[in-house]
Amino acid sequence: MSSIIQLLPDHVANQIAAGEVVQRPASVVKELLENAVDANATDIKLIIKDAGKSLVQVIDNGKGMNVTDARLCFERHATSKIRHAEDLFSLHTKGFRGEALASIAAIAHVEMKTKQDQEELGTQIVIEGSKFVSQEAAVLPKGTSFAVKNLFFNIPARRNFLKSDTVEYRHIIDEFQRVALAHPNIHFTFYHNGSEMYNLPISTLRQRVVNVFSGKTNEKLVPVQEDTEIVTVQGFVSKPEFAKKNRGEQFFFVNDRFIKSGYLHHAVMAAYDGILKDGAQPSYFLYLSVPPNSIDINIHPTKTEIKFDDESALYAILRASIKHSLGQFNVAPVLDFDRDANLDTPYHYKDLEGAMPTIQVDSTFNPFSDDKVNKHYAGSGSSGSGSSSSYRKPAATASWESLYVGLKQEPEFPTESAEISFESEEVTASLFNDEEVEHAVQNVYQIHKKYIVSPIKSGMVIVDQQRAHQRVLYEQFLANMTVHQASSQQLLFPLNLYFSSAEMELLAELKLSLINTGFVFEETNNDHVVISGIPVNVTESEVSILLEQLLSDLQQGIPENSFSQNDTIAKSMAKSLAVKTGTSLTIKEQENLVNGLFACKDPNVSPFQKPTFITMRVEDIDKKFAL
Ligand code: ADP
Ligand code: MG
């Protein structure tokens with residue numbers, strides 16, 4: 001019987017190997033940038049077209065290659081970076097496997113130009129799908145240029161698998177940022193479709209972080225510095241008040257290499273323990289230096305995980321040094337977290353006289369809820385201490401007000417957010433059906449700056465003000481966007497808002513939907529937008545928070561079709577703009593809100609599917625008294 005095993009031809013083997021190294025244009029960007037860094041370049045240009053699908057080019061002024069190396073570098077396992085297995089334990093370069101260029105050349109059209117400083121002439125090579133097309137001498141500047149065109153031209157399945165330009169571009173930005181943040185001593189420029197997206201001059205670490213993330217980054221940063229025998233930590237973390245909703249600005253570098261580590265992330269979060277709002281994410285840019293032999297770098301080339309010898313010591317050091325920095329820069333210690341903030345008397349209550357105790361309402365009490373806490377107190381009615389914090393865990397610091405329910409209050413000052421106007425003319429429908437009540441609600445009472453209580457024919461209704469307002473705004477925005485009739489208010493002075501280029505891409509994608517809500521964009525640039533008109537129910541000061549929130553909500557992935565895109569925008573804007581728990585509302589506002597809610601198509605739940613109101617029938621109340 002004839003033997004059936006054959007050796008795969010090189011170009012097939014390379015294509016298969018390529019799949020591991022090159023998943024998308026961003027992988028090419030990563031490999032080429034890292035090679036340029038390894039070649040000791042001080043100036044690196046990244047040029048891409050169509051999110052890297054038609055072109056990824058990296059030009060560096062590094063050490064270049066001679067004629068022989070220029071050809072050899074495309075061979076598999078061709079590397080100048082290690083000679084022996086033990087070199088792996090003293091690695092200080094990014095690459096070492098000698099696979100990247102062979103892989104890339106197997107699945108793209110590559111043009112390479114390279115020249116070493118001491119040589120007269122350089123070498124120019126064209127290679128397509130692992131086949132050498134040409135090699136000639138050429139007059140070239142010092143350094144190397146790789147142009148990678150038509151990625152996956154010979155693997156249509158992979159090419160079709162690529163995501164939209166926006167998604168692929170975002171991956172490229174991620175890779176670019178990781179390399180740029182690790183090397184402030186290198187000048188980076190980045191062009192996409194002919195426009196300059198980044199220009200990062202050689203600078204300090206801090207300046208590099210600020211240049212990459214633009215805008216107000218500088219004031220956010222607190223330096224971190226720690227020298228120990230096993231690790232040197234330096235870099236920056238953000239002040240807690242600048243924490244973000246997403247994890248887009250969290251970077252660890254180990255020996256100048258970007259890594260991901262859930263464990264170290266946990267250490268950072270532990271340092272912020274108690275000073276961040278729930279779900280808030282600090283930004284951090286942390287650079288660890290460890291002896292190369294204390295980490296296991298021999299990992300898959302595209303993976304960013306890493307193994308440390310002494311992880312738990314690293315954890316402790318990291319946590320302590322960040323805590324120290326936050327404390328030293330007076331970020332944390334202003335607040336004493338061991339003290340119950342609920343016990344502090346707010347100034348304007350101090351001098352008020354105590355009034356006769358009045359009936360106290362447990363706003364969290366819901367007889368229909370299965371919630372254990374409520375059940376527990378259901379029988380004891382209003383016999384509590386008067387502090388709602390005794391009914392439930394004092395999670396919300398806003399609940400300190402509840403301590404003073406029994407005190408006479410000064411007339412409320414209208415707060416800015418309380419001024420949000422409700423479009424009363426839209427409110428036509430009445431609460432429930434006509435049998436319930438003849439008129440729209442009129443008797444309203446706000447409790448705990450959180451709920452609005454109103455009698456209805458069958459008993460009473462308790463409305464959650466924040467969720468109700470979210471519902472009202474959500475439906476308004478959605479209607480505006482789908483009917484294309486939003487009116488906008490012209491700004492006297494147009495607003496300039498600065499965003500990262502990833503965010504600008506997102507904004508571009510959403511522009512039409514945003515225009516439909518009432519935004520008017522006068523200009524859209526690489527790094528900022530000029531806004532000259534805003535939706536009528538938005539105030540000027542809310543615009544930047546609103547857009548930031550929206551971009552952060554969308555960063556998880558842009559909804560594919562325009563309906564869900566509108567839906568996401570409406571939800572996000574409703575979330576940002578809704579009156580919050582803790583805002584006192586005038587009687588008129590309360591009325592409008594309740595009536596507005598019941599004029600909605602779907603008044604029962606907030607846009608996030610949480611109940612907006614509950615009702616209590618008189619019989620239910622009777623039952624309580626019968627106990
Ligand atoms: P590795 O980086 O793992 O060594 P690569 O396939 O990425 O493998 O590169 C192969 C070799 O080509 C490198 O070891 C290096 O000697 C050479 N090389 C690649 N890119 C450059 C560059 N931009 N400048 C100089 N030499 C380079
Ligand atoms: Mg390499």
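Me: Is V224 buried or exposed in this predicted model?
Reply: V224 lies in strand β9 (residues 221-227), where strands (E, at least two residues) and helices (H or I, at least four) are DSSP runs numbered from the N terminus. In this predicted model, local features need pLDDT of at least 70 and side-chain atom pairs count only at pLDDT 80 or more, while totals for chains, interfaces and linings use all residues. Residues are numbered from 1 along each chain as its sequence is written, and side-chain values use heavy atoms, with hydrogens and water left out. Because buried means under 20% relative accessible area, exposed over 50% and partly exposed in between (1.4 Å probe, protein chains only), V224, at 2%, is buried.

Me: Which strand joins β13 (residues 284-289) in the parallel sense?
Reply: Two strands pair if DSSP finds at least two bridges between them, and strand β10 (residues 232-238) runs antiparallel to β13, joined by six bridges. V254 stands opposite L288 in β13, and the strand that pairs with β13 in the parallel sense, over five bridges, is β11 (residues 250-254).

Me: How are helices α14 (residues 501-517) and α15 (residues 543-554) oriented to each other?
Reply: Their axes, lines fitted to C-alpha atoms over the stretch in contact, are 11 Å apart, and the angle, taken from 0 to 180 degrees between N-to-C directions, is about 105°. Angles under 35 degrees count as roughly parallel, over 145 as roughly antiparallel, 65 to 115 as roughly perpendicular and the rest as oblique, so α14 is, relative to α15, roughly perpendicular.

Notes:
Chains lettered and ligands numbered in written order.
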